[in-house]
Amino acid sequence: CNGSPDNCQLKVNETMFATLHNAMSTEEGDFTFGFNHYKTLEKAMVAGYRGINLDLCNCNNGKLQLCDNGCDYGERIPLDVFTNVMDFMKLYPSEVIVLVFQATTEKGPIVWNDLYEIMKQVQGFEDMLYVHPGEGDDWPLMGDLVKSNKRIVTFYFNGGTCTDDICPEAFLPFYKYTAETEYQSANLDEL
């Protein structure tokens, strides 16, 4: 499980996931201004990253794309990225990944159900999505996710809406389940 058999005995919430912020924003992916990484998120997964943060924008008259705070600096097509994630999951059947989606709404609204519909277009992707029973319920062991083949955990934050206020079951509100280090902390004492 994620690089070590010992991790299989850990609950998901006891496991540290090396995570890429703005994973889609890469020099190799032709992001022209302010890219966050040199190599693609697909290469990062092979290198061991299992947390993938992706910004989602509504660009070009309702077209969802993975962007970096706007539509003009570069894009990745969600269907292509999900297809590549699925290819990775097939090659590495003992790995669990966490996808964290951040809504960027400067050009238009984000509806999480629309992103879920794109995921469903990739054969087997929807079947791998883990559905957490509810806030306050225990997280499963990493090994149990591997055995059940529910190896994609999905979070969303920073706005966005859900159709009729009903989000896809597998989409979890990030800040109800997680905490993050504030990036603006000037020193260790502020953490």
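How many salt bridges does the structure hold? There are six, a salt bridge being a side-chain nitrogen of Lys or Arg within 4 Å of a carboxyl oxygen of Asp or Glu. You are looking at a predicted model, where local features need pLDDT of at least 70 and side-chain atom pairs count only at pLDDT 80 or more, while totals for chains, interfaces and linings use all residues. Residues are numbered from 1 along each chain as its sequence is written, and side-chain values use heavy atoms, with hydrogens and water left out.

**First stop: K11 and D138**

Select K11 and D138, whose side chains meet in a salt bridge (3.9 Å, N to O). This pair links distant parts of the chain, 127 residues apart. K11 is partly exposed at 27% relative accessible area, and D138 is exposed at 60%. Here buried means under 20% relative accessible area, exposed over 50%, and partly exposed in between (1.4 Å probe, protein chains only).

**Second stop: K63 and E75**

Now select E75 and K63, a salt bridge with its closest N and O atoms 3.3 Å apart. E75 sits in the loop between β3 (63-67) and α2 and K63 in strand β3, so the pair ties together parts twelve residues apart in sequence. Helices (H or I, at least four residues) and strands (E, at least two) are DSSP runs, numbered from the N terminus.

**Last stop: helix α2**

Finally, colour P78, V81, F82, V85, M86, F88 and M89, the buried residues of α2. Seen down the helix axis, they fall within an arc of 160°, so they line one face of α2; the arc is that of the directions from the helix axis to the C-beta atoms.
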